[in-house]
Amino acid sequence: MKVVPVPQLSDNYAYLVIDEDSGVAGVVDCAEADAVAEAAAAEGIELVAILPTHHHFDHVGGNDDLLARFPDLSVYGYRGQAERIPGCTEEVGDGDIVRVGALAARILYIPAHTSGHIAYHFAGDHALFCGDTL
């Protein structure tokens, strides 16, 4: 796994989570599509998924613009709250597995910052993307 931080807004980051073997990637918490698309192009990878941790604008504000460029992306959101995640195509719950190429993330349901907050735990790669909940 390669992780590429992508500056967002004035004080946030999105993260490209890249499966280097297949050349595909997901983006965690896309607030600004242009910066994410530019980072993906610079890395020479194919975006396949948007991995939002929760519904706040600074974590999903770029979803619609990114989907306009890449309409086949899978977009994840906590089960029962899909309407809060722009473009959500896949509802997930605690313990579910999300794949980005050969990378596997277990969904951790961590309702604290929001009622539908989730984290992506890539145990095999020792990586956790927890959004605004620690």
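These legends accompany several close-up views of a predicted model. Local features need pLDDT of at least 70 and side-chain atom pairs count only at pLDDT 80 or more, while totals for chains, interfaces and linings use all residues. Residues are numbered from 1 along each chain as its sequence is written, and side-chain values use heavy atoms, with hydrogens and water left out.

**View 1. The largest nonpolar core has 24 residues.** A nonpolar core here is a set of buried Ala, Val, Leu, Ile, Met, Phe, Trp, Tyr and Cys residues joined through side-chain atoms within 4.5 Å; buried means under 20% relative accessible area with a 1.4 Å probe, protein chains only. Look for Leu16, Val27, Val36, Leu47, Ile50 and Leu66, which have the most contacts inside this core. At least two core residues come from each of β1 (2–8), β2 (12–19), β3 (24–28), α1 (33–43), β4 (46–51) and α3 (63–69). Helices (H or I, at least four residues) and strands (E, at least two) are DSSP runs, numbered from the N terminus. Helix α1 gives the largest share, five residues.

**View 2. Here is Leu66 with its neighbours.** Leaving aside residues up to four places away in sequence, Leu66 touches Val27, Cys30, Ala33, Val36, Ala37, Leu47, Ile50 and Leu73. Contact means heavy atoms within 4.5 Å. A second, separate core of 18 residues includes Val24, Val28, Tyr76 and Val100.

**View 3. Six strands make an open, mixed sheet.** Their order is β1-β2-β3-β4-β5-β6, where two strands pair if DSSP finds at least two bridges between them. Because β1 and β6 (90–92) are edge strands with a single partner each, one side of each has no neighbour in the sheet. β4 runs parallel to β5 (residues 74–78), joined by two bridges; Ala49 has Ser74 as its bridge partner in β5. Helix α1 packs on the sheet, touching β1, β2, β3 and β4, and its direction makes about 145° with that of β1. Such angles run from 0 to 180 degrees between N-to-C directions, using lines fitted to C-alpha atoms, for helices over the stretch in contact.

**View 4. Strands β7 and β8 form a hairpin with two residues between them.** Gly101 takes a positive phi near 60° in this hairpin. Four bridges join β7 (residues 97–100) to the antiparallel β8 (residues 103–109), and Val98 stands opposite Ala105. Val98 and Val100 lie on the covered face of β7, Ile97 and Arg99 on the uncovered one.

**View 5. The four-strand open sheet is antiparallel.** Its order is β7-β8-β9-β10. β9 (residues 118–122) pairs with β10 over three bridges, and Tyr120 has Phe129 as its bridge partner in β10.

Note on methods. Buried < 20%, exposed > 50% of the residue type's maximum accessible area, 1.4 Å probe, protein only.
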